[in-house]
Amino acid sequence: MSTPTLDKIGAELRRGIVQIAALSLLRERMHGYQLVKVLAAAGIETEEGTLYPLLRRLETQGLLTSQWDTAGARPRKYYLLSEDGKSALPVLESVWRGINRSVNSILATDLASVATETGQ
Amino acid sequence: MTQSTRDTVHLWIEEAAGSMGGQATERREALLELESTIYEKIDERTASGEAEEQAAHSVLQSLGDPRAMGHAFMPQRPLLRPELTRSFLLATWALFAVHFVLVIGATLAARDISLPPLRISPIEHPSVMEMFARALEVLLFDAGVMLALFVLRDRVGHRARISFTKRKSIGEPRHHFSNAAFLALVLIVANFLRDNLIAIYIKNGTGTLQIPLIGSGFTDNLVLFNIWVALAIVRECLYGRQAGNLRAARMLDIATRALGIFCLLRIVATQRLVDITGAKGLLGTNADTVAALLNTAFSLIALTTAAVIGVELVRRVFRLRD
């Protein structure tokens, strides 16, 4: 399979992960670029073109709140988990853990033994 | 930071702004956030010893195409969705054809054709240039009318259905509720306009000739039309609620379509649609031939439509019995 195709699939996989990772990290107040760096340090490389629209969408959905800080050298928009976001996060975490468990289980499965068990 | 670097960043930001949709305030906020990030990244690179211009170049390159970035931030919503373009063009050309034929008719007859609230005036001094100019004017007018209708339908009545086409799937609740709102709007507008659509008036040498657009059965048909649309509104609300058993909504769907066929056949049978063309006033001795042709065409369209819907109704009834 070609590298661009693999890159595309990888990016699609990451996009879903970034959502829950960003929500989880934004229990602490952070600006967009700071979040990019924290995610990168945690091993999730994210482009600004993906993260900023995502933050905007989460804010529109009411899961994040934002505030401009103009006190520093340049204005920064800080994001924080909203009250709705705080209630949603445990539910999303539970969904994520469920998916993670299932996918790990599928990846670890010996397909030959499954075929024998199901009589295929 | 040097002016040259600021200009480079500014150009990039301007290009991103050009492909952003949304409100002006939202756009400004998004651009400010983007700009702030760009400068912060440049600062980081220069702090580690990189030349400022080189750092700006690298940062902007890492962000990719500014238009793609702008679009990703806030996608532009086109006035007319691409999937509607074909229908829009077809409808516009059809309206243009009818409109321009009326203009030609008015020019040949050398008098206005009045279709309240519209009035079609003849071309004053017919020449190629005048014809071309009038055609362009008519086309722009018709395109504007159609665009307004399509945008209204798209925004207010998503996938509105008072048509006879088969409902392939149940849509999202918000779509059905917006359909109901659109149909309610149709109901209000149709009733509001009825007084203006009762007759057409053709001015001739001796005064104004009034030709009934639709005859005495009009009021009855309007009542039927109102019932038809009201049923469709209830149907959309039931589909919108999507509450477990959709049998009632499906039955109502069939009732709405059946009433639609009945309305159509009744209009064709009782209203002598051919008279609406005003053919007799414009075409002299050929009027009867044109009238007969139009009458036949209307009848064929009505019968074909009724046959198609009849087949669909039978299929639906059998599916319900399954």
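Trainee: How many residues of chain A are in contact with chain B, and what makes a contact here?

Mentor: In this predicted model, 14 residues of chain A are in contact with 17 residues of chain B. Contact requires heavy atoms within 4.5 Å.

Trainee: What area do chain A and chain B bury between them, and what makes it buried area?

Mentor: About 1,600 Å², with 53% of it on carbon and sulfur atoms. That is accessible area the two parts lose on being put together, summed over both, so the value covers both chains.

Trainee: Why is the pair Glu33(B) and Arg56(A) called a salt bridge?

Mentor: The side chains meet at 3.7 Å, N to O. The cut-off is 4 Å between a side-chain nitrogen of Lys or Arg and a carboxyl oxygen of Asp or Glu. An Arg and a Glu at 3.7 Å are within that limit, so the pair qualifies. The count between chain A and chain B is 6 salt bridges.

Trainee: Which elements of chain A each supply at least two residues of the side that touches chain B?

Mentor: Helix 2 (32-41), helix 3 (48-60) and strand 3 (76-81). Helix 3 gives the most, with 5 residues.

Trainee: How do the residues of that side of chain A divide by type?

Mentor: Into 6 nonpolar, 2 polar and 6 charged.

Trainee: Why is Ala110(B) called exposed?

Mentor: Its relative accessible area is 61%. Ala110(B) lies in the loop between helix 5 (85-109) and strand 1 (113-115) of chain B.

Trainee: What is the order of elements in chain A?

Mentor: From the N terminus on, they run α-β-α-α-β-β-α-α, which gives 5 helices and 3 strands.

Trainee: What share of chain A is buried, and what makes a residue count as buried?

Mentor: Buried residues make up 28% of the 120 residues in chain A. Each of them has a relative accessible area under 20%, because that is the limit for the term.

Definitions and conventions
Residues numbered from 1 in each chain as written. Chains lettered and ligands numbered in written order. Predicted model: local features only at pLDDT ≥ 70, side-chain atom pairs only at ≥ 80, totals over all residues. Heavy atoms only, no water. Helix = DSSP H or I, 4+ residues; strand = E, 2+ residues; numbered from the N terminus. Buried < 20%, exposed > 50% of the residue type's maximum accessible area, 1.4 Å probe, protein only. Buried area = accessible area lost by both parts, 1.4 Å probe. Nonpolar A, V, L, I, M, F, W, Y, C, P; charged D, E, K, R; others polar.
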